[in-house]
Amino acid sequence: MSELSYIPYTSERQLPPIITLIENDLSEPYSIYTYRYFIHNWPNLCFMVRCITHYSH
């Protein structure tokens, strides 16, 4: 069984994994300033989601 953990954006330390995730689907690279613009203007719309897997035996 899997559970999701939603983590709101809180700091610049979270930016590298966000960029990596988004870059996989973009047709061209964007500068770090583009990401910062959106994240700093709308941090309430940025979340990291992690899958937490529980094993039952």
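Trainee: How many salt bridges does the structure hold?

Mentor: This is a predicted model, and the structure holds one salt bridge.

Trainee: What makes the pair of glutamate 12 and arginine 36 a salt bridge?

Mentor: The closest N and O atoms of glutamate 12 and arginine 36 are 2.6 Å apart. The definition asks for a side-chain nitrogen of Lys or Arg within 4 Å of a carboxyl oxygen of Asp or Glu, so the pair qualifies. The two residues are 24 apart in the chain: glutamate 12 is in the loop between strand E1 and helix H1, and arginine 36 is in helix H2.

Trainee: Why does glutamate 12 count as partly exposed?

Mentor: Its relative accessibility is 32%. Buried means under 20% and exposed over 50%, so glutamate 12 falls in between. Arginine 36, at 30%, is partly exposed by the same rule.

Trainee: How do you know that H1 and H2 are roughly perpendicular to each other?

Mentor: Their axes cross at roughly 105°. Angles of 65 to 115 degrees count as roughly perpendicular, and H1 and H2 are therefore described in that way. The axes come within 11 Å.

Trainee: Which residues of H1 and H2 meet?

Mentor: Leu15, Ile18, Ile19, Ile22 and Glu23 in H1 meet Ile32, Tyr35, Arg36 and Ile39 in H2. By class, this contact has seven nonpolar, no polar and two charged residues.

Terms used:
Residues numbered from 1 in each chain as written. Predicted model: local features only at pLDDT ≥ 70, side-chain atom pairs only at ≥ 80, totals over all residues. Heavy atoms only, no water. Helix = DSSP H or I, 4+ residues; strand = E, 2+ residues; numbered from the N terminus. Buried < 20%, exposed > 50% of the residue type's maximum accessible area, 1.4 Å probe, protein only. Axes fitted to C-alpha atoms, helices over the stretch in contact; angles between N-to-C directions. Parallel < 35°, antiparallel > 145°, perpendicular 65-115°, else oblique. Contact = heavy atoms within 4.5 Å. Nonpolar A, V, L, I, M, F, W, Y, C, P; charged D, E, K, R; others polar.
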